[in-house]
Amino acid sequence: MRIEPLHTAANVAAVVAWGAILGALYMVFQYVPMERTMGNVQRIFYFHVPSAMVSFLAFFICFLASVAYLITRRRGLDIAAAAAAEIGVVFCSVVLITGPIWAKPIWGIWWTWDARLTTTLVLWLIYVAYLMLRAYLPEGARRANLAAVVGILGFLDVPIVYMSIRWWRTQHPAPVIMGGKGSGLAPDMALTFRVCMVAILCLFVALLLRRIVVELLQDEVDHLYREADVAPPERG
Amino acid sequence: MSPDKFLDFLFAGYGAFWTILFGYLGMIFSRQRRLLREVEELRRELSQRKG
Amino acid sequence: MVFLHQLFTIFMKDLRLEWRTREAMSAMLLFALLVLVIFNFAFNPDRELVLLIGPGILWVAFTFAGVLGLNRAFAAEQENGCLAGVLLTPMDRGAIYLGKWLANLLFTLVAEAILLPFFVLFFNLELTHEIPLLLLVCLLGTIGFTAVGTLLAAISANTRLREVMLPVLLFPIIVPVIVGAVESTGLILNQQTEGLAGFIRMLALYDVIFLVTSTLLFDFVLEE
C-alpha cells in the first residue's frame with residue numbers, strides 16, 4: 001500500500017477534525033444554555049456520550065477487520081484492526097474518566113456497577129489485553145492470526161457481558177440513576193449533541209488514518225532494515 | 001454543591017479529555033518522527049551502497 | 001467417527017502425560033486450597049457472611065486454579081516442539097482443540113471435586129439436597145471458562161510472559177461466567193430458586209457459544 005495518499009488523507013482529516021472540534025467547543029461552552037438541574041457539569045455529556053459511541057464503533061471495526069483478515073489475509077486489514085482497537089481504547093479511556101467526573105456531583109457517587117458502566121469497563125479491559133498481546137508477540141502473520149482471534153472473541157463477548165450484568169443487577173437493587181438523559185433533550189441541546197457527535201467522529205477518522213500511516217511507516221522501516229541487511233535496534 | 005465546584009468538575013472533565021488526546025497525539029507523532037528519520041537514514045545508506 | 005477417535009487420542013495423551021507427572025493437578029489443588037485459607041483470614045466470615053461471600057471465594061479459587069492448569073496445558077506442548085509433532089499428524093484441528101479442552105475440563109473438575117468438600121468443611125456449611133444443583137452449576141461454569149481458556153492458552157503460549165498473558169486475556173472475557181456461576185451458587189446456598197433458572201440458562205448459552213466459536217477459531221491459532 002502506498003503511504004503518501006494516506007498521509008495526505010490523514011492531514012486533511014486532521015484539519016477537518018480540528019475545525020469540527022473547535023465548532024463543537026463553541027456550541028458546548030457558548031451556544032447551549034446551562035442545564036437547569038445538573039448545571040455546568042452536564043456540559044461534559046456532549047463529549048462523553050459521543051466518545052462512548054465512537055469507542056464502540058472502533059471495537060466493531062476491529063471485529064470486522066479481524067474477520068476480514070482471517071478470510072483474506074491482507075496485512076492492511078490487520079493494521080486496520082490494530083489501529084481501531086488502539087483508538088477505541090483511547091476513547092474508552094476518555095469515557096471511563098469523564099464518566100465519574102460527571103457522575104459524582106449528579107448521582108453523588110463516582111461509580112456504580114450498572115450494565116452500561118460495567119460493560120464499558122470490561123470492554124476496555126478486553127481491548128487493553130488485545131493490545132498487550134500484540135505488543136508481546138513478534139511481528140508477522142502469526143501475530144495477525146492470534147490477534148484476530150482475540151479481536152473476534154472479545155467482541156462476541158460484549159452482548160453477553162451486557163446481558164449478564166443486567167441480570168445480575170436486577171438481583172441487587174442499584175441506586176436510581178439516569179433521570180432524563182436522552183429522554184427528551186431540548187432542541188438546542190440536541191443540536192449541540194449532534195455537532196459534537198460529528199466532531200468526535202471526525203477526530204476518530206483522523207486518528208485512525210494517522211495511526212494506520214504510522215504502522216505502514218513501521219512496515220517500511222522493517223522492510224528497509226531487511227534490505228540493508230542491518231539488524232534493527234532493539235526496542236522495548 | 002456550589003456553582004464554582006461544578007465548574008471545577010467541568011474543567012476536570014474536559015481537562016481529562018485534552019490530557020488523553022494530547023498524550024496520545026504526542027505518542028503517535030513522536031513515533032512517526034522517529035520512523036521518518038529511520039526511513040531517510042536507511043534510504044541514504046542503501047543508495048550510497050549502490051553508488 | 002474418525003473425528004471422535006482423534007479427539008479421544010489427544011484427550012488420552014494429555015491424561016497420560018498428567019498421570020505421569022501430576023504437575024498441573026497438584027499445583028491447582030494446592031493453590032486453590034491456599035485461596036480458601038487466605039480468604040478465610042481476609043474476611044474471617046461468620047455464618048451469615050459465608051452465605052454472602054462464600055460463592056465468590058469458591059469461584060475465585062476455581063478460576064485461579066483453572067488458569068494454572070490451562071497455562072500448563074500448552075506450556076508443555078511448546079517444550080521440545082511437541083505441538084509441531086502433534087500438528088504433523090493428519091488430525092482435524094477441531095479435534096485437537098476439543099481433546100485438549102476435555103482434558104483441561106476433567107483436570108479442573110477433579111480439582112473442584114476435591115476442593116468442594118474442603119469449602120463445605122472450612123466454612124461449616126450444611127449441604128444435602130442442594131448438591132446436585134451445585135454440581136450442575138460447577139459443571140456449566142467450568143465448561144465455560146475452560147472452553148475459552150483452552151483457546152486463549154494456546155494463544156498466550158506464543159508470547160513472552162505467557163503466565164501473565166493468559167489471565168489478562170481470559171478474565172475479562174469470562175466475566176459472564178463468573179457473574180452467572182457466583183450468583184447461582186449464592187442462590188443455591190441460600191436455598192432460593194427465584195432467578196436461578198435464568199442464570200443457569202445464561203451459563204449454558206455462554207458454553208455453547210464459546211465452545212462453537214473456539215472450535216472454529218482454533219484452526220487459525222495453530223497456523224504457522
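R75(A) counts as partly exposed, because its relative accessibility is 27%; that label covers the range between buried, under 20% relative accessible area, and exposed, over 50%, with a 1.4 Å probe and protein chains only. Keep in mind that this is a predicted model, where local features need pLDDT of at least 70 and side-chain atom pairs count only at pLDDT 80 or more, while totals for chains, interfaces and linings use all residues. To find your way around, residues are numbered from 1 along each chain as its sequence is written, chains are lettered from A and ligands numbered from 1 in the order in which they are written, and side-chain values use heavy atoms, with hydrogens and water left out.

So who does R75(A) pair up with? Its partner is E215(A), in a salt bridge whose closest N and O atoms are 3.5 Å apart. A salt bridge here is a side-chain nitrogen of Lys or Arg within 4 Å of a carboxyl oxygen of Asp or Glu. E215(A) sits in helix α6 (residues 187–228) of chain A and R75(A) in helix α3 (residues 75–107) of chain A, so the pair ties together parts 140 residues apart in sequence. Helices are DSSP runs (H or I, at least four residues), as are strands (E, at least two), and both are numbered from the N terminus. E215(A) is buried, at a relative accessible area of 9%.

Over in chain C, have a look at K13(C). It has a salt bridge to D14(C) at 2.9 Å, N to O, and another to E77(C) at 2.8 Å. The pair with E77(C) links distant parts of the chain, with K13(C) in helix α1 (residues 2–21) and E77(C) in helix α3 of chain C, 64 residues apart. K13(C) is partly exposed at 27% relative accessibility, whereas D14(C) is buried at 7% and E77(C) is buried at 5%. Salt bridges with shared partners also join a set of residues into one network, among them R75(A), E215(A), D219(A) and R31(B). Over all chains, the whole structure has 21 salt bridges.

Now for some open space. The second largest pocket holds about 870 Å³. To find pockets, a 1 Å grid is laid over the protein atoms alone; a pocket is an open set of points where a 1.4 Å probe fits, with protein on both sides within 12 Å along at least five of seven lines, and lining residues have an atom within 4 Å of a point. The largest share, eight residues, comes from α3(C).

Finally, go to helix α5 (residues 93–122) of chain C, the place of V110(C). V110(C) is partly exposed, at 37% relative accessibility.

Technical notes. Grid points are joined across faces, edges and corners, and a volume is the space filled by probe spheres set on the points.
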